[in-house]
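Try each task before you read its solution.

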Amino acid sequence: MAVEQTSTISWYLRMFSYLLMICGLFGLAVGGVVIYGALADGAAAATGLPLSALVLGVAAAVANGITIAAGVLGRAASRNPGRSAALRSLALAGVVASVFGLGLCCATGGQLPTSLIFNLLLMAICVVIAGNLGKSVQ
């Protein structure tokens with residue numbers, strides 16, 4: 001019974017890891033575009049807009065970099081459930097990075113970006129899946 005439950009959780013983790021990698025790559029590209037837009041537009045420097053855009057871009061790049069790493073580690077943990085603790089720790093770091101990025105965006109006067117909220121949701125789901133995988137192995 002435990003083997004069947006572990007294999008089901010591993011399959012879900014493998015599919016979720018692919019989703020994490022795809023969303024992370026897309027978010028990293030968007031973060032790069034936002035950073036480029038903030039640095040390239042010299043005319044908007046007087047309005048203070050580039051600071052909030054730069055903070056959003058850097059926060060998105062960092063959070064989505066952690067998302068990509070969680071996807072790669074999740075793929076490895078789906079084959080070796082002993083790595084679920086490392087995946088859970090990395091996913092918790094992704095949650096912290098997303099919350100920190102949301103706080104920075106609010107502090108610089110920007111709006112709450114949907115991409116960081118979505119990334120926070122993905123990382124929270126990853127924490128739950130990694131925790132369930134760790135419990136099923138024990």
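**Exercise 1.** Is Leu133 buried or exposed?

Before the solution, some ground rules: this is a predicted model, in which local features need pLDDT of at least 70, side-chain atom pairs count only at pLDDT 80 or more, and totals for chains, interfaces and linings use all residues. Residues are numbered from 1 along each chain as its sequence is written, and side-chain values use heavy atoms, with hydrogens and water left out.

*Step 1.* Recall the scale: buried is under 20% relative accessible area, exposed is over 50%, and partly exposed is in between, using a 1.4 Å probe and protein chains only.
*Step 2.* Leu133 has a relative accessible area of 0%, so Leu133 is buried.
*Step 3.* Now look across the chain: Ile9 is 124 residues away from Leu133 in sequence, yet their C-alpha atoms are separated by 6.2 Å.

**Exercise 2.** What span should helix 3 have, and how far apart are its end C-alpha atoms?

*Step 1.* The rule is 1.5 Å times one less than the number of residues.
*Step 2.* With 24 residues, helix 3 should span 34 Å.
*Step 3.* The end C-alpha atoms of helix 3 are 34 Å apart, which agrees.

**Exercise 3.** Which residues is Ser98 in contact with, leaving aside its neighbours within four places in sequence?

*Step 1.* Locate Ser98 in helix 3 (residues 84-107).
*Step 2.* Ser98 has a relative accessible area of 0%, so it's buried. Other buried residues of this helix include Leu87, Ala91 and Leu102.
*Step 3.* Look for heavy atoms within 4.5 Å, which is what contact means. You get Ala63, Leu116, Asn119 and Leu120.

**Exercise 4.** How many aromatic pairs does a search of the whole structure find?

*Step 1.* Ring centres of Phe, Tyr and Trp (its six-membered ring) must lie within 6.5 Å; planes under 30 degrees apart are stacked, over 60 edge-to-face, and the rest tilted.
*Step 2.* The search finds one pair. Trp11 and Tyr12 form it, at 5.2 Å centre to centre with 70° between the planes, making it edge-to-face.
*Step 3.* Check the cover: at 44% relative accessible area Trp11 is partly exposed, and at 49% Tyr12 is partly exposed too.

How values were computed
Helix = DSSP H or I, 4+ residues; strand = E, 2+ residues; numbered from the N terminus.
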